[in-house]
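Notebook open. I want to go through this one piece by piece and jot down what I look up.

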Amino acid sequence: QMIKNPYGTTEMVRKFQNLDVTWTTETKPSGAGFSMAAFWKAPLAAAPRVVFHVGENKFSGLGKFAKEMMSNTKHNWAPVFPTKIETGNAKLDERFQVWGENQQAVMSVLANPALQQALLALDEVDLVVRQNEVSFADPMQTNVRNGMGGTAGMMAAAGNPGKMMEMSLPVNDRICQLMVEAVRAVG
């Protein structure tokens with residue numbers, strides 16, 4: 001199906017460490033080009049004690065503007081929560097922007113070493129913990145593409161959807177692990 005029609009939406013659900021994760025990929029025509037999206041979401045069994053949003057610093061500001069001008073791509077990103085938070089962790093603050101509702105609570109959650117390791121293990125992060133779900137977006141499929149050996153690796157496997165799925169599983173596992181660590185940290 002993917003070979004006959006590269007445009008469309010694919011949705012898959014898996015249980016990962018007791019978290020029901022839905023992975024959605026979408027490619028559709030857009031003007032003279034196309035748009036892509038890849039995102040994961042999982043419902044929460046109970047409301048978290050803390051909500052927050054972690055995104056790459058490069059998702060906004062001059063770096064974003066320059067990248068979009070040079071690459072003919074566009075990434076629409078906005079923080080979900082109102083308060084920008086400095087975590088006090090140099091590695092996290094250098095790479096990410098963090099948003100939430102309660103600075104001290106978010107700082108406490110992001111001090112969790114397993115959550116920090118899971119965040120830093122991915123090539124690009126857009127993680128949101130809301131009152132009812134945890135979600136992760138990879139709109140340019142950076143994590144999946146890099147996990148498959150870059151654009152050349154994706155192109156080599158393009159005629160074989162089974163091979164593409166096999167190559168993307170380790171990346172899916174890392175993203176699902178991040179989601180699990182976030183849920184554990186806010187539980």
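Before I start on burial: I call a residue buried when its relative accessible area is under 20%, and exposed when it is over 50%. Also for the record, this is a predicted model.

**Entry 1, strand 4.** I looked at both faces of strand 4. Phe52, Val54 and Glu56 are buried on one side, and His53 and Gly55 are buried on the other. I note the general rule that side chains in a regular strand alternate between the two faces of the sheet. Five of the five residues in strand 4 are buried, so the rest of the structure largely encloses the strand.

Next I checked the pairing. Strand 4 runs antiparallel to strand 6 (residues 96-100), with five bridges joining them. Phe52 has Gly100 as its bridge partner in strand 6. Strand 4 is also antiparallel to strand 7 (residues 126-129), this time through four bridges. There I found His53 bridged to Val128.

What does Phe52 touch once its neighbours within four places in sequence are left aside? I get a list that includes Phe81, Trp99, Gly100, Val106, Val109 and Leu110. Leu115, Leu127, Val128, Val129, Ala182 and Val186 are in contact with Phe52 as well.

Then the largest nonpolar core, which has 40 residues. Trp40, Phe52, Leu119, Leu127 and Met179 are the members that touch the most other members. Helix 7 (residues 161-186) gives this core its largest share, ten residues. Another core, of six residues, lies apart from it and has Val51, Phe59, Phe81 and Val128 among its members.

Which residues of helix 4 (residues 113-120) are buried? I find Leu115, Gln116, Ala118 and Leu119. Looking down the helix axis, I see these buried residues fall within an arc of 165 degrees, so they line one face of helix 4. Pro113 and Gln117 are exposed on the other side. At the start of helix 4, a side-chain oxygen of Asn112 comes to within 2.8 Å of the backbone nitrogen of Ala114.

I went to the loop between strand 4 (52-56) and helix 1 (62-71), where Ser60 is found. Ser60 is partly exposed, because its relative accessible area of 31% falls between the 20% and 50% cut-offs. The Ser60 side chain makes a polar contact of 3.0 Å with the side chain of Gln97. I also took the C-alpha separation of Ser60 and Ala78: 8.1 Å, for two residues 18 apart along the chain.

Arg145 is in helix 5 (residues 142-147). Is Arg145 buried or partly exposed? Partly exposed, with a relative accessible area of 22%.

I finished with the totals. I count seven helices and eight strands. Of the 187 residues, 41% are buried. Among contacts with a separation of 6 or more, 59% are between residues 24 or more positions apart. The protein exposes about 10200 Å², and carbon and sulfur atoms supply 56% of that area.

Note on methods:
Residues are numbered from 1 along each chain as its sequence is written. This is a predicted model: local features need pLDDT of at least 70, side-chain atom pairs count only at pLDDT 80 or more; totals for chains, interfaces and linings use all residues. Side-chain values use heavy atoms; hydrogens and water are left out. Helices (H or I, at least four residues) and strands (E, at least two) are DSSP runs, numbered from the N terminus. Buried means under 20% relative accessible area, exposed over 50%, partly exposed in between (1.4 Å probe, protein chains only). Contact means heavy atoms within 4.5 Å. Accessible areas come from the Shrake-Rupley method with a 1.4 Å probe; for residues, only the protein chains shown count as cover. The arc is that of the directions from the helix axis to the C-beta atoms. A polar contact is a pair of N or O atoms within 3.5 Å; within protein, one must be able to donate a hydrogen and the other to accept it, and residues adjacent in sequence count only if both atoms are side-chain atoms. A nonpolar core is a set of buried Ala, Val, Leu, Ile, Met, Phe, Trp, Tyr and Cys residues joined through side-chain atoms within 4.5 Å. Two strands pair if DSSP finds at least two bridges between them.
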